[in-house]
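Me: I would like a close look at one part of this model. Please keep it brisk and give the cut-offs as you go.

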Amino acid sequence: MPHGRASEKVIQSGDALTLDFGCLYNHYVSDMTRTIYIGSISDQEQEFYETVLAANQSLIAEAKAGMMRSEFDGIPRSVIEEAGYGDYFTHGIGHGMGLDVHEFPFFGAAATGQIEAGMVLTDEPGIYLPDKYCVRIEDDLLITETGCEVLTHAPKELIVLK
Ligand SMILES: [Mn+2]
């Protein structure tokens, strides 16, 4: 599921762990997600990870003020679609944030209008294979006139905990 809930499940070797969290500072929020692997990783999970990372990075490379919201969603989505997993990316690419963790603008299929300099937007592509596993990588981007500044500095290389 794109947004699961914490449970009593004991983490086991072979599990993928998607960690979605943030902090609150002077009334403003952050939001980030990393997916790590416990003990081992299957070839398919590794392909999913590399696809989602490429999608995340494609938006960092292209995002800037004046871009249409449909384009902000469509650039990373096309990376996942071209890899053949478009049916498993089941939510918008991200959302605004500030005083609240989910703020205007949103990026569903019906999103219209442009993104503006000064907006802080999440870049959170994912692939969710029902009843198997998922991967999501989420960074916070500060939109500028010429590009974007990545506010999330946590590493994104594939991590398999032994
Ligand atoms: Mn988010």
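Which residues does tyrosine 133 touch, and is tyrosine 133 buried or exposed?

Reply: First, the ground rules. This is a predicted model, with residues numbered from 1 along each chain as its sequence is written. Local features need pLDDT of at least 70, side-chain atom pairs count only at pLDDT 80 or more, totals for chains, interfaces and linings use all residues, and side-chain values use heavy atoms, with hydrogens and water left out.

Tyrosine 133 belongs to strand S9, residues 133–136. Helices (H or I, at least four residues) and strands (E, at least two) are DSSP runs, numbered from the N terminus. Its relative accessible area is 19%, so tyrosine 133 counts as buried. The classes are under 20% for buried, over 50% for exposed, and partly exposed in between (1.4 Å probe, protein chains only).

Now the contacts, meaning heavy atoms within 4.5 Å. Setting aside residues up to four places away in sequence, tyrosine 133 touches Ala16, Ser42, Gln44, Glu45, Phe48, Ile127 and Tyr128. One of these has a polar link. The side chains of tyrosine 133 and glutamine 44 make a polar contact at 2.6 Å. A polar contact is a pair of N or O atoms within 3.5 Å; within protein, one must be able to donate a hydrogen and the other to accept it, and residues adjacent in sequence count only if both atoms are side-chain atoms. Phenylalanine 48 is 85 residues from tyrosine 133 in sequence, yet their C-alpha atoms are 9.8 Å apart.

Phenylalanine 48 leads on to the core. The largest nonpolar core holds 27 residues, and Phe48, Phe72, Ile115, Leu121, Ile127, Val135 and Ile143 touch the most other members. Such a core is a set of buried Ala, Val, Leu, Ile, Met, Phe, Trp, Tyr and Cys residues joined through side-chain atoms within 4.5 Å. At least two core residues come from each of helix H1 (43–62), helix H2 (69–82), S8, S9 and strand S10 (139–143). H1 gives the most, six residues.

The buried residues of H1 include Glu45, Phe48, Tyr49, Val52 and Leu59. The 20 residues of H1 should span 28 Å at 1.5 Å a residue, and the end C-alpha atoms are 29 Å apart, which agrees. The expected span is 1.5 Å times one less than the number of residues.

Phenylalanine 72 is another core residue. Beyond its neighbours within four places in sequence, phenylalanine 72 contacts Leu59, Ala63, Met67, Ile93, Phe107, Ile115, Leu121, Thr122, Leu141 and Ile143. Arginine 77 sits in helix H2. At 17% relative accessibility, arginine 77 is buried. Outside four places in sequence, arginine 77 touches Phe89, His91, Gly92 and Ile93.

Back to Ala16, a contact of tyrosine 133. Strand S1 covers 16–21 and stands at an edge of its sheet. That sheet is open, with three strands in the order S1-S4-S12 and mixed pairing. Strand S12 (160–161) is at an edge too; S1 and S12 each have a single partner strand, so one side of each has no neighbour in the sheet. Two strands pair if DSSP finds at least two bridges between them. S1 and S4 run antiparallel, joined by six bridges. Methionine 32 in S4 is the bridge partner of phenylalanine 21. S4 (residues 32–38) and S12 run parallel, joined by two bridges. There, tyrosine 37 pairs with valine 160 of S12. Seven of the seven residues of S4 are buried, so S4 is largely enclosed by the rest of the structure.

Last, the metal. Asp31 (OD), His95 (NE2), Glu124 (OE) and Glu138 (OE) coordinate the manganese ion at 2.1 to 2.4 Å. Donors are N, O and S atoms within 2.8 Å of the metal (3.2 Å for Na, K and Ca); water is not among the atoms, so sites may look incomplete. The donor spacing in sequence is D-x63-H-x28-E-x13-E. Histidine 95 is buried at 5% relative accessibility, and glutamate 124 is buried at 4%.
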